[in-house]
Amino acid sequence: MRSAVLTASVLLCVLGGSRAVATSVAEPTGYGYRDASGTTDTREHGDLRVTHRPSVLKPERGYTPFDVVLQNSGPVPLQVRLTFQGHSSSGPRTAERTVEVAPRQRLVTWLFLPAEVQAGSLMVGSPGQASLSPLAHAPVYLERSTGGTVLVLGTLKDFDDTSGVPRVEASGSPLFSVRTVEPRDAPRELSGYVGHSVVMVPGDLASVPADVWAVLEAYVLTGGRLVLPQVSSSLTDRLPLLPKEGSRDAVPYGFGRVLRCGAALECGRTLNAMLGEVIPGPVKPAGDAPRWERSNLLAGGVAPLLEHANTPVGRFLLLIFAFVLAVGPGGLMLARRRGPVAVLVAVPLVSLITCVALVTWSVLVDGFAVHAARYSLTWLDVERSRAVTLGVSAWYANVSAGPVRFPATSALLAPDNADEMLADLDWTHGLTVTHGFLPPRTYREWGEVAVLPSRARLVVRKEGGSVRVQNALGSRLEQGYVRVGNQHYALPALEDGAEGALGEPLPEGETPVSRLLSGVGGQSLAEGRLSGGEENFRAPLPEGGFIARLGGLGPAPSSAVDVELETGVHLVRGQSEEGRP
């Protein structure tokens, strides 16, 4: 972690162009930025021309956006399947996508590769087209930056003119790496942005298509950081939650932040300040313990969120003790009374009975269900009928589950410490996770970020001298608070669709948001796994605002999986809706 003093010295070095610092501070080891946009390799395969990057910059977490340009020079459309194969200890894992390239069309398509993948190979084929031979194992290397990663939607010249940060070679130990993408070719899926330290649009904002702006907003809403040059108030048409009055400070936006800068020197300071912060990511699912932590189930000795994943040590010890008594002293007594032949028959029979008992116990108690514990934080944007969710889920499947589909405005996140690609991914229609999502009898955690349509709301209306509320949040309301008339009230426990009256207002000085978070304890944030989104979530409630704790499966996309729910803790914030009298 960089100290404040070291960060200040780095800023002096980068923005002032001088390497001289105070004698009490060590000279910074980095300077400027590195252009990591990479080179391209083009190959011809019949009527299809394929252009890809042999080396791609990958972010700290999430997914590496890998672009492939397809150009069909023939008179007929081509179905093209792109497959990236990465190798892991559990066998080869793939990320693939199938697209149709029209005649005379140039198409830029994207594969999103898990950030834990170091290298792999690209294969291109066309089902049913004998004239198109497959591109066999073109190697692809995914490189990690020594500093942060900045994704720039624009040209490198725009970035240089706007940021004021000098460009250096890789051998010069740059502070961070930059990858540029043409705005018209930028990804339309949230997974292409979610893992980057900062996303910046240095040029004309009008050059970014509307559908790309929608994904950029989803990136910020789910915990991203977006840097923009100082522009007019028309920016609120693209980012509607921004305040009307412009500010050059970091403005909270959902779970993330938007920062508008002016001159080049100011934009450079902004980038360095953001990259100097240690941001763990909005969601931090825990991964398997490394080989040197054999005594731990999860890395760092973190406790699992799902009680079902814990081995029933007490029952197993009792069963082992009973088995030892039956085979040891029991076998000796049987040998004395019945002879050695009886022992030769009894010991295998006892072993068989023990195995049958274990299998029967597993079937009767565990069954064939998927067990889960689910936690989430959700911002409700009632005006636009959408919900912004950060979630983490713990899973234990006795039998491997089938494919699970996620929309384009969501992203499924693996643990940061995962050392391999955990599942096969199909990006043809959003994300479909196939093999490896929930392996049988293996504890696994997945994080999720999503911006999804939602009609969930809390309705507040006054009847005479009392105030009544209706729970239309889609699940049981277990606890919560609402601010009405500059006073905070505790929400009653309500089933979905039920109504209830508010009680007496809380005493002055109460902070209901912190009270609710601390009242639920560590489980409210899944033992710190959702702490990245907590800062903005803890803001005081505005007039009409509410915060509630719900039970059930929660609003994250994976709630569609049929599970036996062990624990569900979901905190929801938003503005209440005034009902008709």
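Q: Take H45. Which residue in strand 3 is its bridge partner?
A: The partner of H45 is L48 in strand 3. One caution at the start: this is a predicted model.

Q: What is the sense of the pairing between strand 2 and strand 3, and over how many bridges does it run?
A: The two strands pair in the antiparallel sense. Five bridges join strand 2 (residues 41-45) to strand 3 (residues 48-52).

Q: How many residues lie between the strands of this hairpin?
A: Two residues lie between strand 2 and strand 3. Within the hairpin, G46 takes a positive phi near 65°.

Q: How should I read a positive phi elsewhere?
A: Start with the general idea. Most residues other than glycine have a negative phi. Now the cases here. S385 is not a glycine, yet has a positive phi of about 55°. N486 is also a residue other than glycine, with a positive phi near 60°.

Q: Where do S385 and N486 lie?
A: S385 sits in the loop between strand 17 and strand 18 (386-397). N486 is in the loop between strand 26 (477-484) and strand 27 (487-490).

Q: What does the whole chain look like in numbers?
A: The chain has ten helices and 31 strands. Of its 581 residues, buried ones make up 50%. The chain exposes about 26400 Å². Carbon and sulfur atoms supply 55% of that area.

Q: What share of the contacts with a separation of 6 or more comes from residues 24 or more positions apart?
A: Such residues account for 70% of those contacts in the chain.

Q: Which residues is T354 in contact with, leaving aside its neighbours within four places in sequence?
A: T354 is in contact with L319 and F323, once those neighbours are left aside.

Q: How do I read an aromatic pair?
A: Two values describe a pair of aromatic rings: the distance of the centres and the angle of the planes. A search of the whole structure finds eleven aromatic pairs. One of them joins F255 and W379. Their centres are 6.1 Å apart, with 70° between the planes. This pair is edge-to-face.

Q: Where in the chain do F255 and W379 lie?
A: F255 is in the loop between strand 15 (251-253) and strand 16 (256-261). W379 is in strand 17 (residues 370-381). The pair links distant parts of the chain, 124 residues apart. Both F255 and W379 are buried.

Q: Which residues form one aromatic cluster?
A: W395, F406, F437 and W446 form one.

Q: Which residue forms a salt bridge with E143?
A: R34 does, with the closest N and O atoms 3.2 Å apart. E143 is in strand 10 (residues 135-144), and R34 is in strand 1 (residues 33-35). The pair links distant parts of the chain, 109 residues apart. E143 and R34 are both buried.

Q: Which residue forms a salt bridge with D424?
A: R93 is the partner, and the closest N and O atoms are 4.0 Å apart. D424 lies in the loop between strand 20 (410-413) and strand 21 (425-426), and R93 in strand 7 (residues 93-101), so the pair ties together parts that are 331 residues apart in sequence. D424 and R93 are both buried.

Q: What of R384 and E383: at what N to O distance do their side chains meet?
A: They meet in a salt bridge at 3.8 Å, N to O. R384 counts as partly exposed, at 31% relative accessibility. E383 is exposed, with a relative accessible area of 68%. Salt bridges that share partners join E217, D381, E383, R384 and R386 into one network.

Note on methods:
Residues numbered from 1 in each chain as written. Predicted model: local features only at pLDDT ≥ 70, side-chain atom pairs only at ≥ 80, totals over all residues. Heavy atoms only, no water. Pairing = 2+ DSSP bridges. Helix = DSSP H or I, 4+ residues; strand = E, 2+ residues; numbered from the N terminus. Contact = heavy atoms within 4.5 Å. Phe/Tyr/Trp six-rings, centres within 6.5 Å; stacked < 30°, edge-to-face > 60°. Buried < 20%, exposed > 50% of the residue type's maximum accessible area, 1.4 Å probe, protein only. Areas by Shrake-Rupley, 256 points an atom, 1.4 Å probe, with all protein chains shown as cover.
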